Amino acid sequence: MTHFSAMSLLKNALTGHKNWREQWPDSQPKAEYDVIIVGAGGHGLGAAYYLAKQHGITRVAVIDKGWLGGGNTGRNTTIVRSNYLYDESARLYDHALDLWDDLSQDLNYNVMYSKRGVMMLAHNVHDVQSFQRHIHSNRLNGVDNRWLTPEQAKAFCPPLDISDRRRYPVMGAALQMRAGTARHDAVAWGYARGAAARGVDIIQNCAVTAIRRGPDGAVTGVETSKGFIRAKKVAVSAAGNTSVVLQSAGLRMPLESYPLQALVSEPVKPIFPCVVMSNSVHAYISQSDKGELVIGSGTDQYVSYSQRGGLPLIEHTVAAICEVFPIFRRMRMLRKWGGIVDVTPDRSPILGKLPVPGLYVNCGWGTGGFKATPGAGHLLAWTVAKDEPHPINAPFTLERFTTGRLIDEAAAAAVAH
Amino acid sequence: MLLIHCPYCEETLPEAEFAYAGEAHIARPADPMAMSDEEWRDFLFIRSNPRGTHFERWRHIHGCGRFFNAVRDTVTDKFQMTYKAGLPRPDLSAMKEAAE
Amino acid sequence: MSRYRIPGKGRIDHSRAVRFTFDGRTIEGRQGDTVASALLANGIHLMGRSFKYHRPRGVVSAGSEEPNALIGTQRGGPDRFEPNTRATMQEIWDGLTTESQNKWPTLAFDVGAINDRLYMLFSAGFYYKTFMWPKAFWDKVYEPFIRRAAGLGRSPTLPDPDHYASRNLHCDVLVVGAGPAGLAAALAAGRAGAQVVLVDEHAEMGGTLLSEPQLRIDDAPGWEWLASALAELSALPNVRMMSRTTAIGYYHENMVGLCQRLTDHLATPPAAAPRERLWRVRAKQVVLAQGAIEKPLVFDGNDRPGVMLSGAAQTFLHRFGVRVGDRPVVVTVHDSAWHAAFDLAAAGMKVAAIVDLRHHVAPALLRQAQELGIEPLPGHTVTRTSGRLRVASVRVASVTGSRVGAARRIACDAVLMCGGWTPSLHLFSHTKGSLRWDAESGAFLPDRKTEACHIAGAGRGLWGVAAALEDGAKAGALAATASGRASGPGTFAVSGDRPGSGVVVKELPTDGNPGKARAFVDYQNDVTAKDIRLAVREGMRSIEHVKRYTTNGMATDQGKLSNINGLMIASDALQKPAPEVGLTTFRPPYTPTSFGAIAGYHKDDHFEVTRRTTIDGWADAQGAVFEPVALWRRARYFPRAGEDMHKAVARECRAVRTSVGMFDASTLGKIEVVGPDAATFLERMYTNPWAKLQPGRCRYGLLLGEDGFIRDDGVMGRLAEDRFHVTTTTGGAARVLNMMEDYLQTEWPDLNVWLTSTTEQWAVVALQGPNARKLLEPFVQGLDLSDAAFPHMAVAECTVAGFPARLFRVSFTGELGFEVNVPARHGRALWDLLWQAGQVHGVTAYGTEAMHVLRAEKGFIIVGQDTDGTVTPQDAGLSWAIGKQKPDFVGKRSLMRPDIVAPGRKQLVGLLTDDPTTVLEEGAQIVADPSQPLPMRMIGHVTSSYWSEALGRSIAMALIEGGHDLQGRTLHVPMEGRTIAAKVSGVTFYDPEGQRLKV
């Protein structure tokens, strides 16, 4: 793996960039692996990387029906934060933030993790109570989150309108400074490069059609469009397609897949310094390093794998942005797109063992999976390597839906986050 | 915006008049207290979530207010049919054969 | 007359001068000009600086696909400024202010051009390979630098004063594009009587016809035919035509979004006119006639000002009467550029040469070139250009096989290039219709459709006006027939047509070093051919990866000029056929669309409805402070002069407990449950036993989800055997009714009961306090209000103040209380009468804040505040509300799940701070051991917390693990800077025996 640095960039610039090597090879499947990961998104590629790097397990294949990073990893609004309410969630996402902090250096790939701050706006008394609860819980969990008055919020983010004229005036905000954004494609490519350099096979354009189990019920491998591949351990990290993949293993999941749309504006010079999220008006916004305003909101109301969604949701989202930031009404929308998000009943992920020996799952991240990418990869690798969850992902079991021990972030915030 | 045919109003109308109401034919068990925790969990949370033909419910919330069922392809988002609440799950292959 | 304007040519009004400014300089153009055509008419080609390298750039196209000439435009003050406007689409008007972008200090001298010198460092994806060390520099140095360098125009900084409209429209046939194919389609469908909508993004309809004046159609000069076709369409009552209207997206079930620009081209917009209008069109049939977009050629220096598409030069000539230079060189692989050259020569430009990579060019073209004094150079390539702020020469060489031969320089002031044509399939792509690759034309063509649409003309790879007219007519006829209007297509007699053909190239052959060539593929994002090859070298094997790595095709033109060239270069580098490398997908909107148009009317007061009760006006006049609750606004408190919230609420609370207070409770949800099975239904829905509740009595009801967690609550009165008046929380009303309807319609359709929402039908005035009865009694007719006859939790129908009423004796405050329900239209009158009569008792209006305090003093929960979707009745201390004998109710089974019955669950208790003057913060967390290090083991949180006037101290409610067993225990609330100690108590702080009700 060529080391990336200013020096190597300069050297290659002087020699016409002829000597850069491929960041990952286009692998074809071998007959057998120790671990097969289904889904080459950020989480799956991350898991492969950590399996190789931290657990010395390199006979690993990451298989994707399309191009790596082409699913939600390439479609999200790049927000990274950990200001969740419940202890389990705070630990889960903050663990990811710890990994984000050093990720560029660790991967030797600039993922452009920008700690510019994520600010959640409170628009009514319930919001204030809810955010205060988050702030207190975060503080005592060692997660940074503090309360801002409307004036402080505006000072932090000048385009914000805090006047009384707004339909939902700002009553204050919760700010996590350690949070921000990262370049989504770079994360996928960085993990792919790092994993491939350590011997992992990344097999693209290869659909997993079924998970095979032996007479004792344990996993024996996967059927794919390129043939059967043996493995005693299979980890499914397929986001919106999880239900489909696991059905072949005889498992039905508490998941539903919805379209999630996002959009960008035309690029402009720096105007928006941080990330702002508003649950009450259902929209969130940041500005990419390229200058585009990146905007998202909630899912469309019906289950769908079409990655489309409807125009009305875009209208509401854009109207919400213009309501909170009236200076942007003359900006133009450049492009909108959609992904497929797998949602659990409590809006918290499932990351752990499945009731099939050798089968593991990482799913249910809903609209909030990107921020957890390094953490999910690390924890999935751990769980697969040790055949036991790490303490951090131990609460996020499939069993919690039977026992009633849900980790219901949405209930507390009364919103899809 | 989807167009949905309300089987009660007998009109095809825009999605804005309707609210999605989850997977269809998940009947509330007749005797919940007799169910195991796993069975109860299945009722509460386990869903088919298919990539393809989906039996689901909608409510004509800004219209007649009735719940009804639908068959829709979750990849193309196209509706195959809608039918009134209480009717059994239609046998799609039989219908297809009959049409051919 | 500007130097490059040709008198008598073009369709602009030569007699009307228009003056606008560009970078502070006054430019004169003509009515009908765009900013681009006016600048060109004045010989100005330098219009911008490129994104990364800050290279000088001029206009490349004449349409909405323009990637370079993006300007800031402003009408009047800075509140009507927008960035990134295409100079090729912005029509000029007197007083228009425009500015170039991405340069400093000036367009001609931009320090950013240093990036161009360092271009070898700034290869594709360079930022992924560096800026990582030292780590701290990323946030403080590198990223701010990247962000400042990024972006094109500058953001608006003031709220937009304009407003935007939106409409829905149904039609039989929507025709997108009013070039020859679209016009023919509209004529066919319109003549058949179909309801037709015809849209075009340009100010003038006609498309290609506007640039081909030599045509004769049906025995008339092309432009005359055009005028009469437009007149005929315009006169048809069933045809609606909208120019300056872009079809921005094609959505499910034949819905197409249109953005109509209404005023940006006007010097004086009509007062109160919307700036733009968004149309949501539901068409039975759609005809896509979007035409084809010309492709640039990829060669070193193909981006200098003066290098543009040959068709653009032809358009500037015929539409605007503008010569793009004195001495152009044409470089092409397609016949169409030859015809453009001939037109330019005929208009007086000295076309120095036509360089065509093809060895075999139609003899007729060669002949015509020679006749016009143009040097034809078939079998030649362009390897380089020169000139910094304007192109000055091309380097031309012969090509034999793969060998590039001897070269020579040809001086020029414009280079007109044609790499062929790309059918414009953007809207088709939105529908997820499939595309197939046509190797011969080097283009994607539409394949399988998912919607009811027809694609016609150049948009599906047919060249020439005759073919487009015929194809459009067929499509229009098919569409009309399919929508119920039988139609035949009709025919056209066309002469002077110049269809032509060409070949496909990825790049022009060169003898230069490909590793150094500045051969641009994506102009706006400064992506060169070598960037794409670099991406492939680095393992990017799909067009998606190549796109994202290089940012090719991701600029504001969405790859209209760059996608195919990029794909061809990538597939060549991969040695794979183009479709294996990937399909180009397009996403709405077709061209960038203002947020204002998309947001439409949802602005300011119309952003979201504000629901108000019929009594709201009184509160408003009293100077109440309001808070949003769901979609309602509710009076939170009624401050008198000099009072803050704390003082006002304290006064309101005191008044209720000492005399009487009045409260507007109209926002509470109300549902009328009627029928023989009404009680049975409620038995199944709510936790409580209802069957034995006598008519004339009411009870506090608790509603769970099937997961066992509290969803809603409210007092429910039984008016008769078969009639219940159910109340819900303000925010939960619609949800509760929806849930009830779900069960009734789909689980228990056999029950004979029906539900009606009556939230808006009843106004509710609550009277609470020891003097409540005294105040109310004189107004009540038909009911004995004494304690014996009308005890606590009774309900009756009667007359109050002459209005028909439902009267509840209920108390959310713990004082003697009544809630008077009258038809909403009488709410205000009732309030006024009671208020008047109450003066003698010192009646006080109280708001939601005081209401919250008073109920907390009694330990009553607020769903959504003391519960959060994870709280069961047992957790909340409401087991008494569960009917123990009931075999089933919604949520009952879930209450038996292992983690629901396990010990250690969070339970609702009271908290009394050791220091009675300290009021805890709602949301504060609770720990047993305050001295533990972080992360602390939190055991609960404060849900409600207030100063209690009645008790003269603070009170709080909290959810604490195992709280019911912690009575009297001291726990700690760690705040920033201090820790507050508090003792666990019961939740009923005030009058725990309920004596105050026994009056």
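In this predicted model, C:K129 is buried, with a relative accessible area of 0%, and its side chain meets that of C:E538 in a salt bridge, with 2.4 Å from N to O. The pair ties together distant parts of the chain, since C:K129 sits in the loop between α2 (114-117) and α3 (135-149) of chain C, while C:E538 sits in the loop between α11 (529-537) and α12 (543-550), 409 residues apart. C:E538 also counts as buried, because its relative accessibility is 0% and the limit for that term is under 20%.

C:K474 is partly exposed at 43% relative accessibility, and C:E470 is partly exposed at 46%.

The side chain of C:R5 reaches the backbone oxygen of C:F320 at 2.9 Å, and, apart from neighbours within four places in sequence, its contacts include C:R30, C:D33, C:G321 and C:V322. C:R30 in turn forms a salt bridge with C:E28, with 3.0 Å between the closest N and O atoms; here C:R30 is buried at 10% relative accessibility, whereas C:E28 is partly exposed at 26%.

Over all chains, the count of salt bridges comes to 93.

Terms used:
Residues are numbered from 1 along each chain as its sequence is written. Chains are lettered from A and ligands numbered from 1 in the order in which they are written. This is a predicted model: local features need pLDDT of at least 70, side-chain atom pairs count only at pLDDT 80 or more; totals for chains, interfaces and linings use all residues. Side-chain values use heavy atoms; hydrogens and water are left out. A polar contact is a pair of N or O atoms within 3.5 Å; within protein, one must be able to donate a hydrogen and the other to accept it, and residues adjacent in sequence count only if both atoms are side-chain atoms. Contact means heavy atoms within 4.5 Å. A salt bridge is a side-chain nitrogen of Lys or Arg within 4 Å of a carboxyl oxygen of Asp or Glu. Buried means under 20% relative accessible area, exposed over 50%, partly exposed in between (1.4 Å probe, protein chains only). Helices (H or I, at least four residues) and strands (E, at least two) are DSSP runs, numbered from the N terminus.
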